[in-house]
Amino acid sequence: MSGVLYFDGNCGMCTRSVNSLMRRQRTGDLRIEPFQRPGTAERLGVTADQLTEAAWWRDASGDVYRGAEAINAALSAGMGSRIPLGVYRIPGMRQLQNAAYHWVANHRYRFPGTTPHCAAQPGDC
């Protein structure tokens, strides 16, 4: 499973998190892009407002996931294992992870992070 994880490039916590994912991946199947890049909403088939609400995953087959499911898909791609997506799909786990993800996403600018991707690489956003 390969694809792209689209993240908030203006968020220091988000930038730190995707950088950590990239350092730990084993497969090379995980790519990251800030969702601020022009054309991202159209590529994912979502509105601009929806785009900023969560992280997004688009795999090689064109399937699109958002939020906690997107993070689990990225973990699966980076690990070369479907275990994270399998755990996410256990009854009750999806609801728990979605609730936790929603809370973190809504408070993401309050968490410590690093220099946001779009500040460090402004031409990339």
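Me: Which residues make the nonpolar surface patch of about 250 Å²?
Reply: In this predicted model, that patch is made by Ile-83, Val-87 and Ile-90. Patches are made of residues with over 30% relative accessible area and no salt bridge, where like charges are joined within 9 Å and nonpolar side chains (Val, Leu, Ile, Met, Phe, Trp, Tyr) within 5 Å; accessible areas come from the Shrake-Rupley method with a 1.4 Å probe, and for residues only the protein chains shown count as cover.

Me: And is Ile-83 buried or exposed?
Reply: Ile-83 counts as exposed because its relative accessibility is 56%, where exposed means over 50% relative accessible area, buried under 20%, and partly exposed in between (1.4 Å probe, protein chains only).

Me: What about Thr-40, buried or exposed?
Reply: Thr-40 has a relative accessibility of 1%, so Thr-40 counts as buried.

Me: What does Thr-40 touch, not counting residues up to four places away in sequence?
Reply: Thr-40 touches Tyr-6, Pro-34, Phe-35 and Leu-51, with contact meaning heavy atoms within 4.5 Å.

Me: Switching to Asp-59, which side chain of opposite charge is nearest?
Reply: That is Arg-82, 6.3 Å away, and Asp-59 is buried yet has no salt bridge, which is a side-chain nitrogen of Lys or Arg within 4 Å of a carboxyl oxygen of Asp or Glu. For charge, Lys and Arg count as positive and Asp and Glu as negative, while His and the chain ends are not counted.

Me: Last one, what is Asp-59 in contact with, leaving aside neighbours within four places in sequence?
Reply: Asp-59 is in contact with Met-1, Ser-2, Gly-3 and Tyr-65.

Technical notes:
Residues numbered from 1 in each chain as written. Predicted model: local features only at pLDDT ≥ 70, side-chain atom pairs only at ≥ 80, totals over all residues. Heavy atoms only, no water.
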